[in-house]
Amino acid sequence: MKLQKEDIPVVMEAPDMIMRSLAGLGNMTVVFHELPKGTDFTPLLKGLGNDSCHCPHWGYIFEGTFRFIYDDGKEESFEAGDVFYAHAGHTAIVDKDVKFIDFSPTKELDEVMTNVGRVMSEMN
């Protein structure tokens, strides 16, 4: 399979932010993120177990910096050029405008994104 970033459907868009997502890669979903500094996923994870993301992610950072903060308090920072794995039980905060791609198990990612959508609609 070959795919251009522009061929991945946009699923979320806001000023300075775009998220593209495509399921159907085996049991995985590919997501391409462009997120501004200060983006904090923590409030969007409220209602999930431990109020954190239970979906593991494998990815690559094209530019920028962000941190995963795990349920045990450990933090990992990732920057341009890094390949990463984030295990289940985390949140993330963008420290410098970031562009990255990740691959995640579709079932778990769908559960997290359903929660994110619910929380966002309640915020509005």
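# A walk through the model

Y85 is part of strand β6, which covers residues 83-86. The structure is a predicted model, in which local features need pLDDT of at least 70 and side-chain atom pairs count only at pLDDT 80 or more, while totals for chains, interfaces and linings use all residues. Residues are numbered from 1 along each chain as its sequence is written, and side-chain values use heavy atoms, with hydrogens and water left out.

Let us stay with Y85 for a moment. Its relative accessibility is 40%, so Y85 counts as partly exposed; buried means under 20% relative accessible area, exposed means over 50%, and partly exposed lies in between (1.4 Å probe, protein chains only). Together with W58 and F103, Y85 makes up a nonpolar patch on the surface, and the three share about 290 Å² of accessible area. Such areas come from the Shrake-Rupley method with a 1.4 Å probe, and for residues only the protein chains shown count as cover. Patch members have over 30% relative accessible area and no salt bridge; like charges are joined within 9 Å, and nonpolar side chains (Val, Leu, Ile, Met, Phe, Trp, Tyr) within 5 Å.

Rolling a probe the size of a water molecule over the atoms shows where empty space is left. The largest pocket holds about 560 Å³ of space. A pocket is an open set of points on a 1 Å grid over the protein atoms alone, where a 1.4 Å probe fits, with protein on both sides within 12 Å along at least five of seven lines; lining residues have an atom within 4 Å of a point. The volume is the space filled by probe spheres set on the points, which are joined across faces, edges and corners.

Which residues lie nearest the centre of the largest pocket? They are M19, H33, F41, M113 and V116, out of 31 residues in the lining. Strands β1 (10-14), β2 (17-25), β3 (28-35), β4 (57-70) and β7 (90-105), along with helix α1 (106-123), each give at least two residues to that lining. Strand β7 has the largest share, with seven residues. Sorted by class, the lining has 22 nonpolar, seven polar and two charged residues. In this sorting, Ala, Val, Leu, Ile, Met, Phe, Trp, Tyr, Cys and Pro count as nonpolar, Asp, Glu, Lys and Arg as charged, and the others, Gly among them, as polar.

Now for the charged pairs. Side chains of opposite charge can pair when their charged atoms come close. In the whole structure, a search finds five salt bridges, each being a side-chain nitrogen of Lys or Arg within 4 Å of a carboxyl oxygen of Asp or Glu. R67 pairs with E75, with 3.2 Å between the closest N and O atoms. R67 also pairs with D95, where the closest N and O atoms are 2.8 Å apart. This second pair links distant parts of the chain, since R67 is in strand β4 and D95 is in strand β7, 28 residues apart.

Another salt bridge joins E111 and K107 (2.8 Å, N to O). The two are four residues apart in helix α1, so about one helical turn separates them. E111 is partly exposed at 32% relative accessible area, whereas K107, at 57%, counts as exposed.

Finally, visit two loops. D16, in the loop between β1 and β2, has a positive phi near 65° without being a glycine, and D16 is exposed, with a relative accessible area of 67%. G26 lies in the loop between β2 and β3 and counts as exposed at 65% relative accessibility.
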